[in-house]
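Here is a short briefing to read alongside the sequence and the model. Have a look at the picture first, and then we can walk through it together.

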Amino acid sequence: MEKICPKCEIEYGSFFANYCSECGSELVPLPHCNWCKNEISPHVKYCDGCGRERAEVINTFPPLNIFQKIISYIKKRGMK
Ligand SMILES: [Zn+2]
Ligand SMILES: [Zn+2]
């Protein structure tokens, strides 16, 4: 899993990197595409796994997930 500095947006591919070598900030994992689970670099405009816009794949979820949430919600309430 790649990591990234939240301040400088520098990507670190190494598992051993925990802090940014430029500013000392703690690195965070790269966000994943909600649709195809690819890692999304902050420098790309589109997901290279599914071709959707970066902002869209990080902030929105596939309709299937929403559908499953509704089903589990209904099941919890005991409706049939
Ligand atoms: Zn940094
Ligand atoms: Zn994707």
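Does C20 count as buried, partly exposed or exposed, and why? This is a predicted model, and in it C20 counts as partly exposed because 19 C-beta neighbours lie inside 10 Å, while the buried class needs 20 or more. The points below set that residue in its surroundings.

**Around C20**
- You will find C20 in the loop that runs between β2 and β3.
- Leaving aside residues up to four places away in sequence, C20 touches C5, K7, C8, I10, S25 and L27.
- G49 is 29 residues from C20 along the chain, and the C-alpha atoms of the two are 27 Å apart.

**Overall fold and shape**
- The protein has three strands and two helices, and their pattern along the sequence is β-β-β-α-α.
- The protein is more spread out than a compact globule, because its radius of gyration is 17 Å, well over the 12 Å that the globule rule gives for 80 residues.
- Taken along the principal axes, the box filled by the C-alpha atoms is roughly 55 × 25 × 20 Å.
- Turning to contacts between residues at least 6 apart in sequence, 22% of them join residues at least 24 apart.

**The sheet**
- The three strands form an open sheet in the order β2-β1-β3, and their pairing is antiparallel.
- β2 (11-12) and β3 (28-29) stand at the edges with a single partner strand each, so each of them has one side without a neighbour in the sheet.
- Strand β1, residues 3-4, pairs with β2 in the antiparallel sense, over two bridges.
- Within this part of the sheet, K3 stands opposite Y12 in β2.
- As a reminder, strands of a sheet pair through backbone hydrogen bonds, either parallel or antiparallel.

**Confidence**
- The mean pLDDT of the protein is 88, and 94% of the residues score at least 70.

Technical notes: Residues are numbered from 1 along each chain as its sequence is written. Chains are lettered from A and ligands numbered from 1 in the order in which they are written. This is a predicted model: local features need pLDDT of at least 70, side-chain atom pairs count only at pLDDT 80 or more; totals for chains, interfaces and linings use all residues. Helices (H or I, at least four residues) and strands (E, at least two) are DSSP runs, numbered from the N terminus. The radius of gyration is taken over C-alpha atoms; the globule rule is 2.2 Å times the number of residues to the power 0.38. Two residues are in contact if their C-beta atoms, placed from the backbone, lie within 7 Å. Two strands pair if DSSP finds at least two bridges between them. A residue is buried if 20 or more other C-beta atoms lie within 10 Å of its own, exposed if 12 or fewer, and partly exposed in between; C-beta atoms are placed from the backbone. pLDDT is the predictor's confidence in each residue, from 0 to 100.
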